[in-house]
Amino acid sequence: MAADHSERTCTLEVFRFHPETDEHPRFQTYQVPYHEDWVVLDALNHIKNEIDGSLTYRWSCRMGVCGSCGMLINGTPRLSCAAFLRDYYPRPIRVEPLSHFPVIRDLVINFDDFLHKLQEVKGWLVPREPRSLDDGEYRQTPAQLAQYKQYSMCINCMLCYAACPVYGHNPEFIGPAAIALAQRYNLDSRDGARDERFQVIQSNEGVWECTLVGECSAVCPKNVDPAGAIQGAKLQGAREWWASLLLSWGKSRT
Amino acid sequence: MDVLKHDVLIIGGGGAGLRAAIAIGEENPNLSVGLVSKVYPMRSHTVSAEGGAAAVIKPNDSFEAHIQDTITGSDWLADQDAVEIFVTEAPREMLRLEHWGCPWSREPDGSVAVRPFGGMKIQRTWFAADKTGFHMLHTLFQTSLKFGNVTRYDEWFALRLLVEGGRVQGVAALELLTGQVRAILGKAVILCTGGAGRIFPFTTNAAIKTGDGLAIAYRAGVPLKDMEFVQYHPTGLPFTGILITEAARAEGGILVNKDGYRYLQDYNLGQPLDHLDPNSGHPKLATMELGPRDRLSQAFVKEMEKGRTIKTRYGDVVHLDVRHLGEEKINKKIPFVRELAKNYAGIDPVKEPIPVRPVVHYMMGGIHTDVNAATPLPGLFAAGECACVSINGANRLGSNSLTELLVFGARAGRQAARWAMEHSDFDTESLRRQAEDEQRRIAQQFIHRDGGNETIAGLKAELNTAMEEGAGIYRTEEKLRATCHKIQELKERFRNVRLDDRTASYNTELVAALELECMLDCAEAVAYSAWMRRESRGSHQRTDYPQRDDQQFLKHSLAYRTDGEPRIEYLDVVITRWPPAERVYGR
């Protein structure tokens with residue numbers, strides 16, 4: 001990678017854990033060249049290529065859209081491809097795996113739990129009215145698109161789960177990104193499965209567990225605002241609870 | 001060794017692989033599908049595609065027009081029967097994605113909106129702001145979760161095709177988590193593993209784009225077609241190579257040199273219209289900034305040779321100026337461009353022009369397939385960027401590749417499903433032995449090996465340099481020969497590669513070595529095919545043979561792997577109704 005040549009160096013303290021050889025995790029310190037334009041991921045790649053080929057982490061697009069490279073950087077969940085050395089230098093930078101997930105090795109976490117949760121919340125479109133291809137597209141105005149667009153921007157990077165105190169306390173909690181995806185489809189004018197998702201979200205491990213600390217939205221690199229989605233789901237839940245009461249009351253009167 | 005069995009195996013979980021998986025579920029939900037991917041599907045590089053996906057849907061458009069644009073864009077190297085199938089099936093595929101929930105940008109009346117794109121003479125590019133690939137990939141992934149017949153092998157690396165009795169019957173694959181090699185059998189196998197842009201040093205392509213599927217097909221005797229055709233996208237950010245989408249120009253952005261001059265007017269791409277005058281007709285379709293990518297990237301090099309580009313510490317650039325669009329339109333139509341430029345180039349496109357330079361983006365070539373996505377190896381199919389049908393010929397038009405992965409991903413899925421229903425048995429014991437051989441090879445070559453003195457990063461850097469020097473935008477016999485010889489040297493030296501990491505669980509250094517091995521095979525096919533094609537066509541420009549030569553080279557190249565240098569053969573292009581003509585833009 002072409003870069004300016006500078007004498008300055010930057011210190012990285014990196015979490016290391018290998019299941020075959022380590023009983024406990026440890027931190028390893030590396031000195032890397034400091035470049036204004038480098039992100040933490042560039043520094044990790046420098047370590048892997050030039051210093052220590054055993055350092056283990058995930059990455060791919062280096063442009064903040066594939067969602068692979070989430071890590072704790074000085075304790076905050078960040079995409080390492082979007083965290084610039086210049087924002088930390090000359091202080092040392094501590095790099096750890098995302099919290100609340102089992103560590104596979106070094107900075108690599110196991111997030112299969114989230115994939116099961118996507119399945120649970122029916123994170124796909126269930127057509128309100130089936131439509132054949134011959135009938136062309138569903139009509140959806142820009143205003144209708146805007147209803148759910150923000151919640152469709154989630155890159156599944158898991159930063160919100162690492163930031164969520166409820167998930168840290170109770171891994172059964174469906175969690176911010178999965179609820180945001182459920183809301184993304186609930187609010188889509190083409191969708192008709194709101195009630196089914198409602199059942200899952202309103203269950204014990206669901207939306208009522210959230211204490212609305214909003215950490216998820218604060219760390220989201222794509223401004224999805226999962227806290228807003230959770231709040232929306234809660235409101236919807238409360239509204240439908242009242243509606244069901246009123247309806248039964250109405251029925252009993254007639 | 002454990003042997004896992006499915007009816008159809010798909011290698012690669014990006015757009016093409018997921019579309020194929022869904023197609024199999026629709027064709028016959030009783031067929032079991034194994035989806036093997038070295039990354040979780042939503043990490044696949046489809047996610048990075050920005051600008052849009054082309055399909056005829058508006059009343060002012062026609063199949064004929066999309067076909068003509070694609071064939072002209074390909075410099076007549078596309079197979080016309082394939083282009084016709086592609087264009088006619090495209091709208092229904094795009095509608096399917098709409099019915100599955102893809103958040104397409106819309107017109108005020110709620111219909112799907114389209115935007116202009118380079119080399120397209122009519123507006124037909126569907127888009128989801130400027131994150132079209134991201135939304136398509138996530139829509140496909142989420143939709144695939146509905147189908148209970150798909151078993152995912154996330155973070156498994158396919159090492160080798162298992163072939164017995166003249167047909168492919170599975171793969172040997174490395175489970176990254178455990179480091180174990182397994183035989184995963186499939187009566188049919190579909191490769192959807194993407195391109196190999198990482199063989200070049202400066203690319204928009206993600207780290208995972210290392211040509212793994214191309215290489216395992218090539219090693220199994222399947223030819224790689226038209227590999228010399230490598231697309232440079234004209235507008236990448238310096239240093240990172242991050243893509244600034246063509247949509248920035250489709251919405252009205254202009255390209256200027258160091259004097260603020262719209263230099264494209266000097267390169268046979270038409271005359272500029274006033275970009276500040278809303279009634280001037282700017283941007284004019286298939287003209288100037290909306291010319292095809294090959295011509296724009298070549299114009300940059302010529303401009304640089306004239307000394308009219310801007311020097312930066314990360315090489316020469318020109319300016320992509322979108323300031324006149326205004327903040328509101330930029331936020332609405334190209335918000336990701338603004339985010340990327342701010343984060344990675346430190347400039348706000350609302351206030352400053354964006355520095356850009358050409359960057360390796362896409363491989364027109366790939367695994368040789370027919371229009372049904374079938375390769376010459378029975379039971380093996382391929383779709384998406386790793387395949388070459390060919391609809392892209394010598395230059396792909398922007399927004400045709402996202403559509404291509406839907407049309408041919410679906411075709412591959414359907415064909416593979418039918419094949420699997422007709423071929424019921426496995427030669428299990430022989431396939432298991434092949435996978436065990438592969439496990440031994442990996443152990444001997446990488447894990448239990450001492451004394452090697454070559455590093456992965458060192459070899460890769462040398463490969464990257466050789467590719468840029470010999471197989472870049474302009475090429476010559478002399479430089480290509482040197483690059484070919486360098487690749488042979490690197491392949492030899494690769495035998496002495498040394499790993500720091502010899503452990504089993506989640507060994508990413510081993511994966512990097514396997515990827516480099518694949519990249520060397522892909523690079524060889526690119527460089528030799530380029531050396532042998534003594535003409536200039538589309539993205540392949542030979543300064544020693546500057547003319548297109550239809551007499552000799554209206555042909556696809558086919559690179560076959562041998563123990564030494566590859567053997568290059570040729571295959572006639574399918575010409576049906578659109579005879580070769582001069583490729584004209586802007587007049």
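Predicted model: local features only at pLDDT ≥ 70, side-chain atom pairs only at ≥ 80, totals over all residues.
Residues are numbered from 1 along each chain as its sequence is written, and chains are lettered from A and ligands numbered from 1 in the order in which they are written.

Let me start with chain A, which is divided into domain 1, covering 9–109, and domain 2, covering 112–253, the bounds coming from an automatic or database domain assignment. Across the boundary, 12 residues of domain 1 are in contact with 12 residues of domain 2, where contact requires that the C-beta atoms of two residues, placed from the backbone, lie within 7 Å. On the domain 1 side, strands S3 (70–73) and S4 (76–79) of chain A each supply at least two residues, and S4(A) gives the most, with 3 residues; strands here are DSSP runs of E with at least two residues, and helices are runs of H or I with at least four, numbered from the N terminus. By class, that side of domain 1 has 6 nonpolar, 6 polar and no charged residues, with Ala, Val, Leu, Ile, Met, Phe, Trp, Tyr, Cys and Pro counted as nonpolar, Asp, Glu, Lys and Arg as charged, and the others, Gly among them, as polar.

Staying in chain A, helix H6 (residues 176–186) and helix H7 (residues 194–201) pack at an angle of about 160 degrees, with their axes 10 Å apart; the axes are lines fitted to C-alpha atoms over the stretch in contact, and angles run from 0 to 180 degrees between N-to-C directions. H6(A) and H7(A) are therefore roughly antiparallel to each other, a label given to angles over 145 degrees, with those under 35 counting as roughly parallel, 65 to 115 as roughly perpendicular and the rest as oblique. In this contact A:Ile179, A:Ala182 and A:Asn186 of H6(A) meet A:Arg194, A:Arg197 and A:Ile201 of H7(A), which by class makes 3 nonpolar, 1 polar and 2 charged residues.

Turning to the interface, 45 residues of chain B are in contact with 47 residues of chain A. Helices H3 (80–99), H4 (132–144), H9 (335–345) and H14 (508–532) of chain B each supply at least two residues of the chain B side, and the largest share, 5 residues, comes from H3(B). That side divides into 22 nonpolar, 13 polar and 10 charged residues.

Finally, in chain B, 5 strands form an open sheet with mixed pairing, in the order S18-S16-S10-S21-S22, where two strands pair if DSSP finds at least two bridges between them. Strands S18 (387–388) and S22 (567–572) stand at the edges, each with a single partner strand, so one side of each is left without a neighbour in the sheet. S16 (residues 366–368) and S18(B) pair in the parallel sense over 2 bridges, and B:His368 has B:Cys388 as its bridge partner. By contrast, S10 (residues 224–225) and S21 (residues 555–560) pair in the antiparallel sense over 2 bridges, with B:Leu224 opposite B:Ala559. S21(B) and S22(B) are also antiparallel, over 6 bridges, and a hairpin joins S21(B) to S22(B) through 6 residues.
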